[in-house]
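Read it beside the sequence and the 3D view.

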Amino acid sequence: MQDIIQALEERRDQARQGGGAERVAAQHGKGKLTARERIEVLLDLDSFEEYDMFVAHRCTDFGMADNKVPGDGVITGWGTINGRMVYVYSQDFTVLGGSLSETHAKKICKIQEMAMRNGAPIIGLNDSGGARIQEGVSSLAGYTDVFQNNILASGVVPQISVIMGPCAGGAVYSPAMTDFIFMVKGSSYMFVTGPDVVKTVTNEVVTAEELGGAKTHTTKSSVADGAFENDMDALMEVRRLVDFLPLNNREKPPVRPFFDDPTRREKSLDTLIPENPNTPYDMHELIEKIGDEGDFYEIQRDFAKNIITGFMRLEGSTVGVVANQPMVMAGVLDIDSARKAARFVRFCDAFDIPILTLVDVPGFMPGTSQEYGGVIKHGAKLLYAYGEATVPKVTVITRKAYGGAYCVMAPKHLRGDVNYCWPTAEIAVMGAKGAVEILYRSDLGDQEKIDAHVADYEDRFANPFVAAERGFVDEVILPRNTRSRICRAFAGLKTKKLDNPWKKHDNLPL
Ligand code: HXC
């Protein structure tokens, strides 16, 4: 028996070597951790259960029969993050560049299927040169099997992708179908085709970093949801995110111990709104002052900064936050911000995470670039997402809620459950100046008359009371009491039940 055990240990040892010491050193030389080191950082100590350690590819072309490494370039299994189960795959770049073979794909599919059956998130650590060239169509078939599972798992268990090396071709499409994508600055790339192909086809000269680096995807394309300095930071942030999420679509998000009094008053919020309605203020301040312990996990922080999305906790329970940001383009809604917020709202709804919406929005962005870009369809995505969401929805209007943007930002009319506003709220079709210019066009040369009309309009509409009289807001609350009011509102909605009519699936405006 001792010999048998020793033989097993030797095989295990060999599998743990991956592509060998030289390639591991090269991986470290690029500032990257190995696939196994990443799993160790991601999961609780000693919690990893590995599967398929000895799986090897079956390719015999191109001299591959003599080039077999146990595990075939991906480490798979499950472990825990703060005691809660997650499934993981981690691609090993030291083995054939982490390229995806038929068997590599089968290993990923196995844990995707186990994750769906057992109801736990899937975390993919991606570091791969894409389809294994030697295996031809078999590797394409493998990728497509992974994609199919990504699609089936969507909305069933949270799926998180971390891009930790070059990811080309098929290697980007699986992450693209997951809920969150994080990248590592300076060492991760995502593109459908790399710089060489780009040059051949379009004559553009571009570096890998410019084409598909972390900055590109977090500020321009919005493909990625966050960028971190190194592997360690990225993995620690994934741990933090998982703590906010339920394990699957049938479970509630976790409730964590909290030390922040739900009835805490924040007097400073009474003066958050500047006297001049055109002066911006930082919506982050409000978010941080109302959430438990000021903790906020922001998603897509560097893209479409005119809207803020992320997670906070209230009385220990996760709440998704969507907030207009008056500091950036006055918080206007446009194509990018509507798309960003719509996807976030849909994630929250799919995983039973209540949504808090903080509104200060002057309307939709006018202009040809917006119209040509399809702001009608993209704006409708957010409208649609809020309207179909059945999770508890609490809204606070702090200042402006004008026009179409009022209709979109989780109002009562989109089945908002509790809609509050501050006394500084202005709920109207548009701002006073714009309205007067349309209503009193014939008086435009006479400044005195125009000023009087503006004053009259402001008096009648630049306040929350017209909406409050109609019951479109449930209560006008003092800013200092916002935390306690929304905590109570969400507490009262814990037993909410609301179903949409049966349908095969919806046809949201894509
Ligand atoms: C087989 C691969 C490989 C691949 C890399 N390797 N990519 N082996 N199939 N796709 C191997 C290399 O031969 C090398 O082996 C080792 O991995 C490390 O690669 P290097 O090139 O030395 O590393 P580096 O200089 O860091 O460059 C990494 C890279 C580059 C940028 C990823 O290797 C590359 O461009 N690879 C090809 C990318 C690609 O075009 N993939 C196919 C995409 S098409 P040795 O033995 O020398 O260490 C696709 C189709 C699916 O994925 C589409 C579905 C929608």
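The model is predicted: local features need pLDDT of at least 70, side-chain atom pairs count only at pLDDT 80 or more, and totals for chains, interfaces and linings use all residues. Residues are numbered from 1 along each chain as its sequence is written.

**Ligand shell**
- The shell has 17 residues, and the closest are G97, G129, G130, G169 and G170.
- A residue is near a molecule or strand if its C-beta atom, placed from the backbone, lies within 6 Å of it.
- α5 (137–153), β5 (159–168) and α6 (170–176) each give the shell at least two residues.
- α6 makes the largest contribution, with three residues.

**Overall build**
- The protein has 19 helices and 16 strands.
- Helices (H or I, at least four residues) and strands (E, at least two) are DSSP runs, numbered from the N terminus.
- Along the principal axes, the C-alpha atoms fill a box of roughly 95 × 55 × 45 Å.
- Of the 510 residues, 47% are buried.
- Buried means 20 or more other C-beta atoms within 10 Å of the residue's own, exposed means 12 or fewer, and partly exposed lies in between; C-beta atoms are placed from the backbone.
- Among contacts with a separation of 6 or more, 73% join residues 24 or more positions apart.
- A contact needs two C-beta atoms, placed from the backbone, within 7 Å.

**Domains**
- The assignment gives domain 1 (2–244), domain 2 (267–425 + 463–492) and domain 3 (431–462).
- Domain bounds come from an automatic or database domain assignment.
- The C-alpha centres of domain 2 and domain 3 are 28 Å apart.

- β4 (residues 122–128) runs parallel to β5, with six bridges between them.
- Strands pair if DSSP finds at least two bridges between them.
- G124 sits opposite S161 in β5.
- β3 (residues 84–91) also runs parallel to β4, joined by four bridges.
- V88 faces I123 of β4.
- β4 is largely enclosed by the rest of the structure, because seven of its seven residues are buried.
- In a regular strand the side chains alternate between the two faces of the sheet.
- In β4, I122, G124, N126 and S128 point one way and I123, L125 and D127 the other, and all are buried.
- β5 is mostly covered, with nine of its ten residues buried.

**K340**
- K340 belongs to helix α12 (residues 335–350).
- K340 is buried because 25 other C-beta atoms lie within 10 Å.
- Beyond neighbours within four places in sequence, K340 contacts S222, Q300, F303, A304, I307 and T309.

**Positive phi**
- Most residues other than glycine have a negative phi.
- D72, not a glycine, has a positive phi of about 55°.
- D72 lies in the loop between β1 (49–51) and β2 (74–81), and has 28 C-beta neighbours inside 10 Å, so D72 counts as buried.
- A410, also not a glycine, has a positive phi of about 50°.
- A410 is in the loop between α15 (403–408) and β14 (418–421), and is buried, with 30 other C-beta atoms within 10 Å.
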